[in-house]
Structure formats: structure tokens, C-alpha cells
Amino acid sequence: MGSMAIVVLVLVVLVVLHPCVFVDAKTTYIVRMKHHALPSEYPTHHHWYSAHLQSLSSSATSDSILYAYTSAYNGFAASLNPEEAQLLRQSDSILGVYEDSVYNLHTTRTPGFLGLNSDFGFWEGHNTQDLHQASHDVIIGVIDTGIWPESMSFDDTGMPEIPSRWRGECESGPDFHPSLCNKKLIGARSFSKGYQMASNDGYFGNPRENQSPRDQDGHGTHTASTAAGSHVANASLLGYARGIARGMAPQARVAAYKTCWSTGCFGSDILAGMDRAISDGVDVLSLSLGGGSAPYYQDTIAIGAFAAMENGVFVSCSAGNSGPNLASLANVAPWIMTVGAGTLDRDFPAYVQLGNGKRFTGVSLYSGQGMNKPVGLVYNEGSNTSSNMCLPGSLDPELIRGKVVVCDRGINARAEKGGVVRDAGGFGMILANTAANGEKLVADSHLLPAVAVGRITGDMIRHYVRSVSKPTAVLSFGGTVVNVRPSPVVAAFSSRGPNLVTPQILKPDVIGPGVNILAAWSESIGPTGLDSDKRKTQFNIMSGTSMSCPHISGLAALMKAAHPEWSPSAIKSALMTTAYTQDNTNSSLRDAAGGAFSNPWGHGAGHVDPHKALSPGLIYDISIDDYIAFLCSLDYGIDHVQAIVKQSNVTCSRKFADPGQLNYPTLSVVFGGKRVVQYTREVTNVGAAGSAYEVATTAPLAVNVMVKPSRLVFTKVGEKKMYTVTFVTSGDAAQTARYGFGSIVWSNDLHVVRSPVAFTWTRL
């Protein structure tokens, strides 16, 4: 039994929202078993799982099993009480028991900005039409809130027959008929058992929700159409951003896996969605959701993504929206593409004109008319101490009727604050950031005239209101503005490194467009997502790393179409080493949080460049065995490694001396108490035969970098070459610096293969 491979047994246990109903509360657990210990008398693992549960507890039944996993995990999900979970911990077949996690969605002119409207000249011998033709065979699985199948973004006009290898299907539901799928939207499934068990005795907690793939939230429709939406002319959000809407890979297929519900995305449901997507035959998995940092063997997404990678599936995940705080990343496993967010060259400016003549610029997606004359301006006028936040019931209608109200950002939703002002009789709103949000701005489709401003502007407006007897304001709206400079800029909300789980792996990997993204929307909900918003729109503008993630998922689909033989890590390497770090003013990328220059903890390798990624010159490939050696270098027990890898014969006989030895396209050097750190990398020539590359390096003054050899010559395509890089820090560097950044660049006349390097001397 000790040599048997690990299975992950996910035990989903009821989270009792109404404790008066039950005596024994049920909780969600992830339990790992020795999968290959299957006794011969059981025809399937499912039979064994059921019998094993019932042998441990008289209260466990066959109905306790919610999911039986096959591809992402070798295990199952079940509903148990804490006593039953404890019995499992004592079983010889059990390798570990961990509580399940609830994950959250990461949301707060794109193709043209990325250059996808022009020809892909670098894909030798082929044109854009050839690339899109090839992408007909690529399938993107989207793990999210479901799909609105009637959207024109999923129109299948001109699409050829569905690939014969596809094993997925469209499930029926109370509000979803399988006939709603087509040659574009080729799969739609829902997974809700974990959510139901955590929502009042197995029932849906929200009356609007049905057990079906239909998207009642909008998020899943938005992300799916961003990745692979068909061309839709004259698309806009109530007139904003009008133009042609299309996904990154408009000819690729889409399969929707609904795992997220009104209270979040339960790990057991996410796992079931990933499990089915892998067995259905997707090529790319896109997950715009995440949780906090955890060891990889406790991270449902990381474990499911490893299984996907083993099956040749590229996995793209959002980095999180907890920036600009350092060490705020989610989804940091090296086999996952971790995507941060940047801005487009498009904006939606709005203006505040104060009675003292000062004029400030903010953002808004309000679709009505601006104000033609000044009105009174108030702040913190209400019946309780929360009136500055514009919480429900906090405003005094007698004091704010017909006026513009300054609302501090925070606690409740941004658009909800406008609804509170409107319901109390207010005419408009200035949504002013505080220190908690800094200069982070998000444009919203407000229910009344409203402008969002940063903290500095907000402080000046608040001071004005307090310092004059009759303050006034005029709000006006600038519509859609393009060719904004500088762009891209790293979004203030985009989560930042360093990577707390594995500091030797630099994260995020790249940034992509994630601010004010126009994409398809669910017509079951208004653009603000508020119940009080009765407006219906076919498209919506949203911000978040949720929006940047599907951009990279779509680009990965194009890469898969162009290079079907490439591994997920090869595609990832191409997107990373060709990313750019200069904006459209030829300056280094800047950080929206403060306006200073960004660094690789904010933008990773840089902003994706799909043209160059199609022909990167060199790639850093990583095998499954390399990932296993990486996991073995993390001081995990063999059971933990087997839980991720699922193989019974993993022994950790091969492991890296340092996790940073993984053949990753970027480098993160953690000196700690050491003065010298040395890594070896291997690159594969995917350019022309006879290519030669010279190396150049940059580093902080306190670090000396030596690369051997300094020149690489490849006689044939597919040839591999190794190089060693040695970093030596000065003796007093730890006293004068905490962190710094540099780069290693291999280049010739055709290609620039860039790897950023992060240096840390002390743990942050």
C-alpha cells in the first residue's frame, strides 16, 4: 500500500448557513488516498470509494459521494461530518485530509491594441487566414460562471464541423436546452454539488440560480467571449467603446464549465469542471478566479492544472486583484500561466468642475447626459457615521436631495453607492478613493451621473466641501477616447510579487489587457450586477485580472494552432520571452498605482506580444519529470508530491538543489545568506538552422552576472543548448538593498529572447 499512487479524495462537507437546522455541521475536505490500493473485488474506484466510506461510518451512504474524479484527480467528493473526516484521517488508505477552499472571481479595442487585426508576418509561410483556419481545431475550456449562449459572440456562421476528437456535450437544464450549443459553443456543463451542499441543505441559495450552464452573473460570458468570441459589428456598452467586438482567437471553439455561483466557486466544483474539461478534450483551460497562497498540494487549482499540463493542456489563470500590495498573488504554480493586468490605449474620461474653478479628471461609463449647471455638493451628510461611505440607509434625504454627493470608496460595491445616492434623492455622485485604494480607478456603468476619482483628487474635493459654505460641482462625461498615452500601464489593482509559495519562481508571468474591456454579457443581469439595475445590454465593460487572463488563453489557442506540437511550457515560454517592457511613448512600463516605473513583480516578463510570440527564436521547455524534480526540491513529503503528480512510482530520486533550477523562462535569485547563486538553463532552437545568439545582461550595481557560454550556435532546428549563469553579490549588499531587478537577453538580428531577473536579499 505504501508504494501505491496517490488519489485525491475530495470530501465536500456541508457548511451550515443556518445552524439551527443541523446538529452535526458538515464541512468541505480534500482527502488524498492511495488510489492504486483498489481491492480486486471492486469493479471501479467509485464502488471502492462508496464502500470505503460506508465501512468507516454508519451515517455515510452512497449518496455521500458528490463527484467521482478521473482526469484531474484520482478520487472523489463526498459530504461528511467532522467525525467522519477524523475517521478518514486514521485510515491506512488516507494520505492527507485538508479543508476545501472557496475561490473568488478576479474582476473589478483589445485585438487592435495587440496587433491582431494585421497580418502575422512572423509565422513563416502562413498568413492570418491560415492561422485562423488552423484554430478551428483548438478548443478553449472556460471555468467560470457559465455562458449566455444566445450572444452573437458565439455565433457559428462559417464554422466547420466540430472536431471528431471532442468528447464533451451540452447539458440540459431548466433554462438551458442542448440545442443552444452550436459549432462555436461546443460544450456547456455545470457543477454545483459543492455549492449546493454549502447552501442550506443542498438547495440553491439564490432563487435566480438554476442547475444549468446558463450564466446569471455575466462574468463567464465576458471571459469566454474575450478568449474566443466571434466578430460582432457595432458592439458597445450603451454607446461606449463602439466598434467590432471579437475574441483573441475568434475561430477557436468554446466549452463552458460553470463552477461559480452566487457565494463563490467551491474547490470541489472547480475540480469537477477541470476533471471533465480534460477528459472532454480541451486544449486550453482559462480560469479567471483564485484564492490565497497555499502549498501546491493544498491548492485545488494547482493540482488540477498539473493534471491538465500532463495531458498537454495549457492553463491560464488570473493573478488576482489585490495590488498594489506586494506578495498578493494567486495561482503561482510554475505550470500555470499567471496573468496580471495592464491598460489599453483607450479610456473613458469624466470631469468634475468645482465651484472654485478647479477641474479634475476621473473615469465613468455613465450613459446619460452630463450636468448643464452647478448643483450643491455635500459630503458626510447623513443619519449615521457611515454616511461618508454611502452605505444603504446612511444618507439623509433632506440634506442631499438634488445635490451631488461625495462617497468614499470601500465596503459596499461602487455602483451600489450610486444607487444609495439616487434612492435618497441625490442628483449625482463623486466616488472618491481613500488611502486604501490610492489612485486605482475603475470605470463603472453608474445608475446616475457619477465620476470616480483617485485619492489625491478625492482629498482635494473633500477639503473644498469642508472649507466653503456653499460648495458646488458640475459633472460631465468625455465618452470614449483612444490613442491614450502612455499605454500600457500596469493596473493598480493587479496583484504583485514576490511569490510567497516559491520565491525562486518569478511571478506574475506576463500582463495583458485587463482594464475597461468590452466583451459579451449575460442579459439576465444589468451591467452593474445590481438587482436594482434593470438595464439590459449585450456587451459590458469590465476590469480585473479576470479580463486579462482570457486574453492570454485566446493567444495560447492561436499559438497551439500555429505550433500544435509544442508543449504548454513551450507556448508559455514563447509568450514570456517575447513580451515587451516599453509603452507607446518608448518609455519603460509604468505603474498606475503611483506613476513610477513598474518592475517584474508587477509586469512579470512584460506585456504579451502575439506577433513575436509566434516566432520566439528560442524556448525554455519543461518536462513533467522536470516539474517533479522541482516539487521534490520544495521539502515536501513524498505523499505531498504524489498528491500533485498522481503517479505511484514517484520517489524523488532526482531533485534540484534549489527550486530555481527549474528551466523557467524567468529567474528569481534569493541570496538569503549566500553570496553566490548559480543556475543552469536549457534553450531549444525553434528558429532557423544555423542561428547564433549573443548574450547581454543587466543587474543592480551590487550584483555581478557571468553567463557561460556567452554565445550559442544552433546548427539545426530543435537543437538544445545549455548555459550557466552565476550571480555574485557584494558582501554588504544585504545591508543596503532588499531587492532589485535585471535581465538576461539572448539576441540576434531576428530575435530577442528576454528573461527578467529578480534579486532579493531578505525575505519580504
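The S-S torsion of cysteine 632 and cysteine 652 is about -80°, so this disulfide (a pair of cysteine sulfur atoms within 2.5 Å) is left-handed. The pair links distant parts of the chain, 20 residues apart: cysteine 632 sits in helix H16 (residues 624-632), and cysteine 652 in the loop between helix H17 (638-645) and strand S33 (667-670). Helices (H or I, at least four residues) and strands (E, at least two) are DSSP runs, numbered from the N terminus. Please keep in mind that this is a predicted model, where local features need pLDDT of at least 70, side-chain atom pairs count only at pLDDT 80 or more, and totals for chains, interfaces and linings use all residues. Residues are numbered from 1 along each chain as its sequence is written, and side-chain values use heavy atoms, with hydrogens and water left out.

The structure holds four disulfides. Another of them joins cysteine 390 to cysteine 407, with the sulfur atoms 2.0 Å apart. A torsion of about -85° makes the disulfide of cysteine 390 and cysteine 407 left-handed. By contrast, the disulfide of cysteine 260 and cysteine 265 has a torsion of about 110°, so it is right-handed.

Cysteine 317 is in no disulfide, and the nearest cysteine sulfur, that of cysteine 549, is 6.0 Å away.
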